[in-house]
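Visitor: I have a structure open and some time. Can you walk me through it?

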Amino acid sequence: MKLGGFCNREVVVDLSEGTVSYREINEELAKKYIGGRGLGVKYLLDHGPEVDPLSADNLLCFMTGPLTGSRSSMSGRLAVVTKSPLTGTVTDSHVGGWTGARLKWAGIDNILVKGKSEHPVYLYIENGRAEICDASDIWGKNTRETLKALKEKYGEMDLSVLMIGPGGENQVRFACMINEDDRSAGRGGTGAVAGYKKLKAIVIKASQKGNMPVPADPEAYRAANRKAVTAIIKGGLTAPNKGGLSVYGTNVLTNVINEVGGLPTKNSQLSQWDEAEKISGEYYHEHLLSANKTCHACPVGCKIEAEVPEGKYKTKVESIEFESVWALGANCLLSDAEAIAYLIDKCNEYGIDTIELGHALAVTMEAGDKGIIDKVLEWGDADGMIEMARKIACREGVGDTLAEGPARAAAIWGAPELSMSVKGQSIPAYDPRAIQGIGLGYATSNRGACHLRGYTIAAEISGIPEPVDRLEYHGKGKLLKTFQDLHAFSDSMDVCKFSAFAETAEHYAEQYSAITGIPMTAEEAMLAGERIYNLERYYNNLAGFNKREDDYLPKRFTDEPATGRSEGHVSRMDVMLDEYYEARGWKDGVVPKEKLIELGILTEEAAEEMQPVQ
């Protein structure tokens, strides 16, 4: 393959056989599906969508894109792509820091892991080679202990470790993978898949020097990169040391979203909370800020490190994110910022998704309130929440039920309506009744409820690229499709979502063209994003998600009105979903074969052999 930006080297690991092999990337597939998320989903589809996520048959992919590890801003991302044990859909979860960049600097684009080891192992990567190593001595350790042991063995310099903790080892369905910088491939249960395979970690040793991706057109790449960096520096939210994202991190959104009556509170029984200020980005910045950290090639530095210097919640943790703070805070009526920081740190140690944990706790609290189960947890009980998190990670007592995910737990208890989830994955921190477009995004996301598939918050709250009325529901189908297609492309390059606060499809296309040598316009970038989004939907259709009901919100959002400044509003899914399907050209959530042919996902011959989606 002659495309710039790629190493043209993939590692294929068969844990059942204990073998490692290498192959080149198919150039036509790379052109069509870009890399990262898109190419990973194509590999998953070819592997078969009917597999059990927690089986040796499932494929676990670690994917970079053509921009990963380059000089492009925010290009340090790695996509972990697999079939989710939480949802049964395709999922991709992206991790920041330096893991993706180091993999590329090590001379490898992607790692594809299949099979299951008979004993714990980790994968060691250096100088374009991979080795399966025994992990018996670190199995059973949390992520902090695992990192310490691996640093002692390989040294701290130029090292990145992506690992699981007890959550992954015990196959908690929302277990995640954590790296050395407290960044996580957080959603969808990627850590549970690794745990089933007995894969403890990916260890990468590589330096930037002399190993950065080589652009096909260096002069054009410098110009495209300079233009993109200028946009980020001048961006309102992304301006280094000035913009809200840079100064306060993602938690700058707590007050913003709460003030419009869009902060789901008490398991979404409310949509505004009078104690939100106590857990806001501004509060952490004033009282607990330890440092502003960043990722590879990122001038924004949105990673807020908080430190609680003493007391029972003593901790230092880097990942004080809006979603995590909300899930463990407003969602559970916990207003103690120190306790939330401690809980986030424990989640990182255990390797479990903070969003899903917050929902598991909130479902338990509401179920106890309503007498559905014995009351085992009170709203806002920090110490009780900390202990329940441990029980979930270790699958002890009621924690074993909750480790199946809050949607499954609520169903087991006979009260599925208590789970604020879509396709088994719980909602993030924006109330669909107060912000109509994001609710449609939750419902139609290909990986279960998710804000990052199509971040309409940019337009509905921040006015980017232009203001859109958050309460208006007409026109949200087309708006969401635009955001979903744009993000599918950027996730495949693989650059941070926050670049889209300043960069456009034109910026992305110019950088892609210059680094790969493939001419691409903004319109072609959006078409590639549309192809990838439809590829994912086709995978899900084949995996059994083929009904309109699969693309819908919990009744709490469509039947029970919001409170606060959005009082009286409900999600108008009835109108928006029809508009969305029309914009997509889908039939009740199913991609017709005409669309698959149009986008080049299937040839006409292959489409003729298609079995009807049941």
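Guide: Start with strand β9 (residues 159-163), which is joined to β12 by five bridges and runs antiparallel to it. Ser160 stands opposite Ile204 in β12. Strands here are DSSP runs of E, at least two residues long, and helices are runs of H or I, at least four residues long, numbered from the N terminus. Two strands pair if DSSP finds at least two bridges between them.

Visitor: Where do the numbers come from?

Guide: This is a predicted model, in which local features need pLDDT of at least 70, side-chain atom pairs count only at pLDDT 80 or more, and totals for chains, interfaces and linings use all residues. Residues are numbered from 1 along each chain as its sequence is written, and side-chain values use heavy atoms, with hydrogens and water left out.

Visitor: Back to β12. Which strand does β12 run parallel to?

Guide: Strand β7 (residues 121-126), through six bridges. Tyr124 stands opposite Val203 in β12.

Visitor: And how many residues of β12 are buried?

Guide: Seven of the seven residues of β12 (residues 199-205) are buried, so the strand is largely enclosed by the rest of the structure. Buried means under 20% relative accessible area, exposed over 50%, and partly exposed in between, with a 1.4 Å probe and protein chains only.

Visitor: What is the strand order in the six-stranded sheet?

Guide: The order is β2-β1-β6-β3-β4-β5, in an open sheet with mixed pairing. Its edge strands are β2 (19-23) and β5 (90-95), each pairing on one side only. Strand β4 (residues 78-83) pairs with β5 in the antiparallel sense over six bridges. Within that pair, Val81 has Asp92 in β5 as its bridge partner.

Visitor: New topic. How many disulfides are there?

Guide: The count is zero, taking a disulfide as a pair of cysteine sulfur atoms within 2.5 Å. Cys347 is in none, and the nearest cysteine sulfur, that of Cys176, is 7.9 Å away. Cys347 is buried, with a relative accessible area of 0%.

Visitor: How many cavities does a search of the whole structure find?

Guide: Two, counting those of 30 Å³ or more. On a 1 Å grid over the protein atoms alone, a cavity is a set of points where a 1.4 Å probe fits but cannot get out, and lining residues have an atom within 4 Å of a point. Grid points are joined across faces, edges and corners, and a volume is the space filled by probe spheres set on the points.

Visitor: What lines the largest cavity?

Guide: Its lining includes Leu452, Tyr455, Phe483, His487 and Lys497. The largest cavity holds about 60 Å³ of space.

Visitor: Where is Arg548, then?

Guide: Arg548 is in the loop between α21 (522-542) and α22 (555-559). At 24% relative accessibility, Arg548 counts as partly exposed. The C-alpha atoms of Arg548 and Lys587 are separated by 8.7 Å, with the two residues 39 apart along the chain.

Notes:
1 Å grid on protein atoms, 1.4 Å probe; cavity = no way out; pocket = protein on both sides within 12 Å on 5 of 7 lines; lining within 4 Å.
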